[in-house]
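Biologist: Let us go through this model together. I will ask what each term rests on.

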Amino acid sequence: MAANLDIIPLYQWTEVKQRPLIIAGPCSAESEEQLIRTARELSNFSSVNVFRAGIWKPRTRPNYFEGVGKIGLKWLQRVKEEFGFKTAVEVATPQHVEDCLRHDIDMFWIGARTVVNPFSVQEITEALRNTNVPVMVKNPINPDLKLWLGAIERVYQAGTKKIIAIHRGFYTINKNIFRNPPLWELPIALKRTLPQIPIVVDPSHICGNTEMLAHISQKAMDLEMDGLMIETHYNPSIALSDAEQQITPSTLNSILNSLVIRERAGSPEFQNKLIELREQIDEIDQELLEILGKRMKIVSEIGQYKKEHKITILQLKRWSYIVEDRLKTGMYHGLEKQFLEKMLELLHTESMRLQTDILNNEVIP
Ligand code: PEP
Ligand code: MN
């Protein structure tokens, strides 16, 4: 089912014709002044497309700053009017959706803590039904591709075709240089399952600090991800949430300016075909290695047999026959003579080494 979702490409519904789509703004809306100041500084640089701000903040423990609530939506309306940014807010309940709709918020995102709960995702998507508001779905905190996919499917089934996946890294119990290690194989697997889904990478929540933001942003571009969401505050040191990972608008600008955006390897059709061919190669290599393993096992048996019968390892006549025969067969299958000679020599050397070890009792076949 997933592979057939008719998700609308980013360039058809955003102003972004060339990646990356840039989403920036503070972790949380804290005050009208903070939002306006941050937005004003961001508006000095042309690269930002969407202004983000958390209004209701999911905190691990109670009694921490839990967001300013509905009042912040009015400030975001000002940001939109004064600076022309599209606005994006995290929604975690149907009530959030309703409040945002009433304040003309342009895009919603479902946070990592919410995506882990299909009941919540379902309720939110019911509230979204027929609104046509674009929705961004963060990966769940735990590295579970199906949960991520499932949330995307629920959004889609509510009638929204403007969907973006956000990769924000995954929780780990082990100590790690990242706050949420990126486990790139997961967003890549998502892309493989759902080639049409745009993926925006959130280096802020992956890194949890500011030092590695540029590196992760570049990596995201090199892996052909479609955009970046980076937490930005006019003065990160006084931020009420995620202070360690926020950067100023001008630091964001220098990170974005230093990005090298390489050409994509080709059209989606080209990519899909390439992925398909590579999968075939992977399978063949598996078989090849399995067969090589079997060959070496028999080589060991022969070695043991020769040892028991006190016969020398190197049997030149047999080897000359193998080379002649395999060259003929290999060339018949379109393989180059030089390549075959090298490969046979490698095989022979390894077989001799194995049999010598057996003779010296180092290997028990
Ligand atoms: C956020 O974007 O501020 C946020 C809470 O992110 P996440 O859901 O990825 O933890
Ligand atoms: Mn945050």
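Modeller: Around ligand 1 stand C27, R52, K57, E90, W109, G111, A112, R113, K138, R168, H205 and E231. Each counts as near because one of its heavy atoms lies within 4 Å of the ligand. This is a predicted model: local features need pLDDT of at least 70, side-chain atom pairs need 80 or more, and totals for chains, interfaces and linings use all residues. Residues are numbered from 1 along each chain as written, chains are lettered from A and ligands numbered from 1 in written order, and side-chain values use heavy atoms, without hydrogens and water.

Biologist: Why is strand 1 called mostly covered?

Modeller: Buried means under 20% relative accessible area (1.4 Å probe, protein chains only). Five of the five residues in strand 1, a DSSP run of E with at least two residues, are buried, so the strand is mostly covered.

Biologist: How do you know that strand 1 and strand 2 pair?

Modeller: Pairing needs at least two DSSP bridges. Strands 1 and 2 have two, in the parallel sense, so they pair. In strand 2, V50 is the bridge partner of I23.

Notes:
Buried means under 20% relative accessible area, exposed over 50%, partly exposed in between (1.4 Å probe, protein chains only). Helices (H or I, at least four residues) and strands (E, at least two) are DSSP runs, numbered from the N terminus.
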